[in-house]
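Good morning, and thank you for making time for this presentation. I shall go through one structure, beginning with a helix and ending with the surface.

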Amino acid sequence: MKISILFFTLVLFVSCSTDDTISTKGFEPISEEYPFHDLDPGIENNYWELVYALVNGPNDFNEKIIGQNGVLCASEEDDMCKEEFNNLKPEYGFAPSCLPGLCFYYLKYQADNENNLVASTDDLLQFLGAINTKEEALLWIRANDYYYRINDIDGGAIKATNSSFELIVLKTVSYCTPIQTNRYHLKLTANGDIEVLKEKVFSVDKNSCV
């Protein structure tokens with residue numbers, strides 16, 4: 001009898017400890033595609049803007065400002081300052097996507113009348129400083145190749161904890177036979193460290209390629 005009880009207890013323990021269910025309890029869905037207007041940068045600046053760029057060719061560079069704050073060229077009287085800032089573009093940015101084409105994000109800012117370009121994850125983390133807002137958490141996750149669905153808590157959610165953020169997001173892990181997307185429960189610390197708490201297969205298309 002004691003052996004049977006011990007065996008049942010061990011089976012119950014293993015089944016509980018290997019539970020990989022991703023719960024949405026305590027999370028809130030993400031309601032905007034680009035929720036980046038309220039960043040709290042660690043670098044002092046007069047103005048910043050976050051840009052989404054879609055590249056269709058060497059002379060086809062379409063841009064959309066998806067976040068901005070401050071006053072551009074506040075101390076300048078002519079249009080040269082704004083023109084120089086607007087012409088500041090990278091060849092490549094962070095969070096590349098849109099296969100078989102190319103799209104990416106980049107950020108630029110003005111501080112003490114100097115223009116600065118943020119086009120890599122390292123530069124972005126330096127600009128953000130401590131990640132202490134949900135908007136910064138979502139941008140940092142996006143810069144690390146995760147993405148989220150809008151108003152779908154199973155595919156995009158976030159919650160703040162005492163010293164970090166937790167997120168439920170998606171990531172494409174295979175782009176050809178199969179195309180596979182996994183679902184993640186992540187923990188994000190203020191210094192940008194990302195810990196995978198749980199991971200599950202979200203969708204698989206065995207007969208497709210990007």
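In helix H4, the buried residues are Glu136, Ala137, Leu138, Leu139, Trp140, Ile141, Arg142 and Ala143. Here, buried stands for a relative accessible area under 20%, exposed for over 50%, and partly exposed for anything in between, with a 1.4 Å probe and protein chains only. Helices (H or I, at least four residues) and strands (E, at least two) are DSSP runs, numbered from the N terminus. After H4 comes Asp145, which has a positive phi near 75 degrees.

Please keep in mind that this is a predicted model, in which local features need pLDDT of at least 70 and side-chain atom pairs count only at pLDDT 80 or more, while totals for chains, interfaces and linings use all residues. Residues are numbered from 1 along each chain as its sequence is written, and side-chain values use heavy atoms, with hydrogens and water left out.

Let me turn to the charged pairs. How many salt bridges does the structure hold? There are five, a salt bridge being a side-chain nitrogen of Lys or Arg within 4 Å of a carboxyl oxygen of Asp or Glu. One of them joins Lys134 to Glu28, with 2.6 Å between the closest N and O atoms. Because Lys134 lies in helix H4 (residues 134–143) and Glu28 in strand E1 (residues 28–29), this pair ties together parts that are 106 residues apart in sequence. Lys134 is partly exposed at 28% relative accessibility, and Glu28 is partly exposed at 37%.

Another salt bridge links Asp154 and Arg183, whose closest N and O atoms are 3.6 Å apart. Asp154 sits in the loop between H4 and strand E7 (157–160) and Arg183 in strand E9, so parts 29 residues apart in sequence are tied together by the pair. Are these two partners buried or exposed? Asp154 is partly exposed, at 39% relative accessibility, whereas Arg183 is buried, with a relative accessible area of 12%.

Glu166 and Lys159 also meet through their side chains in a salt bridge, at 3.9 Å from N to O. Glu166 counts as buried because its relative accessibility is 16%; Lys159, at 21%, counts as partly exposed.

Next, the backbone. Which peptide bonds are cis? One runs from Leu99 to Pro100, with omega near 5 degrees, and Pro100 is found in the loop between E4 and strand E5 (102–111). Another joins Thr177 and Pro178, with omega about 15 degrees, and Pro178 belongs to the loop between E8 and E9.

Cys98, although not a glycine, has a positive phi of about 70 degrees. Cys98 lies in the loop between E4 and E5, and is partly exposed, with a relative accessible area of 29%. Asp112, also a residue other than glycine, has a positive phi near 55 degrees. Asp112 is placed in the loop between E5 and strand E6 (114–118) and is exposed, at 69% relative accessible area.

Now to the pockets. On a 1 Å grid over the protein atoms alone, a pocket is an open set of points with protein on both sides within 12 Å along at least five of seven lines, and a lining residue has an atom within 4 Å of a point. The largest pocket holds about 290 Å³ of space. Its lining has 16 residues, and the closest to the centre are Pro96, Ser97, Cys98, Thr172 and Tyr175. Strand E4 (94–97), E8 and strand E9 (179–189) each give two or more residues to this lining, and E8 supplies the largest share, three residues.

The second largest pocket contains about 210 Å³ of space. Among the residues lining the second largest pocket are Tyr34, Ser97, Cys98 and Arg142.

Finally, the surface. Leu99, Tyr175 and Val210 form a nonpolar patch, with about 290 Å² of accessible area together. Such a patch takes residues with over 30% relative accessible area and no salt bridge, joining nonpolar side chains (Val, Leu, Ile, Met, Phe, Trp, Tyr) within 5 Å. Accessible areas come from the Shrake-Rupley method with a 1.4 Å probe. Tyr175 lies in strand E8 (residues 164–175) and counts as partly exposed because its relative accessibility is 42%.

Technical notes: Patch = residues over 30% accessible without salt bridge, like charges linked within 9 Å, V, L, I, M, F, W, Y side chains within 5 Å. 1 Å grid on protein atoms, 1.4 Å probe; cavity = no way out; pocket = protein on both sides within 12 Å on 5 of 7 lines; lining within 4 Å. Points joined across faces, edges and corners; volume = space filled by probe spheres on them.
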